[in-house]
Amino acid sequence: MGDSVTALLRATFEGGTTRNFTWRRSQLLALETFLVEREKEIAAALHADFRKSAAETFLTETGYLRSEIRFALKHLKSWMKPQRVAVPLIYQPATAYYRPEPYGVVLIIGAWNYPLNLTLAPLINAIAAGNCAVVKPSEHAPHTSAVIASGFGDYLDRSALCVVEGGVEESRTLLEERFDYIFYTGSRMTGREVMHAAAKHLTPLTLELGGKCPCIVDGSGDLRVAARRIVWAKFLNAGQTCIAPDYVLVEEQKEAELIRYMHEALADFYGDDPRSSPDFPRIGNAYNFLRLEKLLAGSVPSAGVFTDHGEFYIPPTILQGSSMDSAFMQSEIFGPLLPVIAYTGIEEALSCIRREKAPLALYLFSSVKSVQEKVLLHSRSGGVSINDLLFQASMHHLPFGGLGSSGFGAYHGRAGFDTFSFQRSILERSLYPDPALRYPPYSRLKFRLLKMLVTLFQ
Ligand code: NAD
């Protein structure tokens with residue numbers, strides 16, 4: 001992609017087409033048609049990329065995106081409405097309002113672990129807000145990237161929306177150009193580089209990053225349900241989920257029981273040999289496979305743990321008897337390994353989770369209200385879910401985003417529309433009256449009057 005593509009997009013934006021409701025609606029509908037008509041092709045691409053099952057693809061990618069589009073279509077008119085504000089006496093007669101306006105040409109860079117969702121969900125928000133967009137899917141999900149590129153060509157307005165396929169080099173080349181907003185999903189390390197590139201053009205941005213999301217189980221509720229939910233959320237997508245529980249902290253007395261239920265859940269979901277389960281995906285690339293294999297080999301007795309280089313298979317593994325000092329706890333796991341660490345008293349659990357200042361998500365299984373309140377009060381995170389996991393990120397009414405090292409900014413639903421819009425303030429005044437009071441020279445009397453008016457009536 002050269003300057004010509006952004007130049008075309010910029011010309012389209014300046015022509016004003018993307019600002020109107022009809023264009024936004026037509027592009028959202030076209031994206032929906034792509035997701036419906038190409039559902040099989042999309043599922044095949046995700047399967048080819050890392051053996052993701054059609055059911056998981058629907059649940060976490062196409063199904064989610066379709067409902068995000070429906071939500072945007074339902075609310076778009078009201079989101080676009082200008083907001084009138086009161087006019088203080090000294091500015092009257094006048095009307096004042098602000099209205100959301102698109103930034104212009106935006107860049108969306110996606111990660112590979114939910115390769116469709118992480119590029120198209122921000123795109124839905126960007127279109128709803130009336131922007132032109134360049135989307136850069138991840139090179140580590142090449143089949144999905146190709147389907148996205150062909151979908152754009154066949155369904156969307158090519159003068160306003162385009163895809164650039166490729167990896168680090170293509171991304172860096174894109175970042176040299178001036179965009180009006182950058183939306184990045186991926187690792188912290190790359191996030192820093194993206195922010196650095198954005199600074200050069202003073203481009204505002206959102207960073208959706210990762211980290212270690214803790215899950216506390218205080219043992220006060222039904223442990224079997226907690227275990228099933230944790231195992232489902234952790235091993236979905238083979239643990240390659242930014243908001244997956246990275247590790248479990250369990251009240252010491254309940255550790256053995258929780259682990260027993262977790263093993264039962266694993267067997268229920270994936271059978272005795274998860275490798276042959278159609279619902280258990282593979283690791284997305286060689287780098288992550290080797291990283292996880294090394295982590296596994298170095299930290300637990302590896303008897304019975306079988307990995308497969310040929311197909312990047314790492315089995316779903318619960319790591320009993322882990323501690324906060326183990327190798328697993330030094331960085332985000334981002335794979336199907338789940339350390340379980342025992343604690344005594346909620347204070348100890350809280351001091352453990354505070355090691356990661358603000359994870360993207362925090363999970364708590366507790367039916368004790370005072371414990372729930374204490375954990376909320378003494379922790380920080382992008383989102384929280386009590387007695388369940390992941391769904392805080394799939395509700396269109398809840399903003400989704402990180403804090404501190406897990407990123408900043410938010411999207412999904414209204415939050416996404418707001419992210420891709422800026423609020424333009426507009427004041428319309430009458431030419432009369434035009435009192436001399438505002439103009440110099442400022443006599444002592446004028447100054448006193450001005451002081452009174454500004455302090456009392458502004
Ligand atoms: P990554 O940083 O390697 O790549 C993400 C994107 O950035 C890709 O499109 C890639 O081509 C591009 N890229 C890579 N290096 C670049 C560079 N130097 N300059 C510019 N662009 C570059 O991340 P990944 O491995 O695809 O994703 C895994 C990480 O993302 C994990 O930490 C995970 O927790 C996080 N993540 C966060 C969210 C979220 O919503 N917050 C969602 C998914 C993943």
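In which strand is threonine 206 found? Threonine 206 belongs to strand E7, which spans residues 205-208; helices (H or I, at least four residues) and strands (E, at least two) are DSSP runs numbered from the N terminus. The model is a predicted one, in which local features need pLDDT of at least 70 and side-chain atom pairs count only at pLDDT 80 or more, while totals for chains, interfaces and linings use all residues. Residues are numbered from 1 along each chain as its sequence is written, and side-chain values use heavy atoms, with hydrogens and water left out.

Threonine 206 is buried, its relative accessible area being 0% (buried means under 20%, exposed over 50% and partly exposed in between, with a 1.4 Å probe and protein chains only). Its side chain makes a polar contact of 2.6 Å with the side chain of tyrosine 181. Such a contact is a pair of N or O atoms within 3.5 Å; within protein, one must be able to donate a hydrogen and the other to accept it, and residues adjacent in sequence count only if both atoms are side-chain atoms. Beyond neighbours within four places in sequence, the residues in contact with threonine 206 (heavy atoms within 4.5 Å) include Phe183, Phe408 and Thr419.

The protein chain is divided into domain 1 (3-209 + 408-422) and domain 2 (214-399), with bounds from an automatic or database domain assignment. The domain centres, taken over C-alpha atoms, are separated by 30 Å. Their contact takes 23 residues from domain 1 and 25 residues from domain 2.

The largest nonpolar core comprises 113 residues, and those with the most contacts inside it are Leu120, Leu123, Val248 and Met262. A nonpolar core is a set of buried Ala, Val, Leu, Ile, Met, Phe, Trp, Tyr and Cys residues joined through side-chain atoms within 4.5 Å. Domain 1 and domain 2 each contribute at least three residues to this core. Apart from it lies another core of 16 residues, among them Ile216 and Tyr247.

Six strands form an open sheet in the order E10-E11-E9-E8-E12-E13, with parallel pairing; two strands pair if DSSP finds at least two bridges between them. Strand E10 (317-319) and strand E13 (383-386) stand at the edges, each with a single partner strand, so one side of each has no neighbour in the sheet. Within the sheet, four bridges join the parallel strands E8 (residues 214-217) and E9 (residues 247-251), and proline 214 has tyrosine 247 in E9 as its bridge partner.
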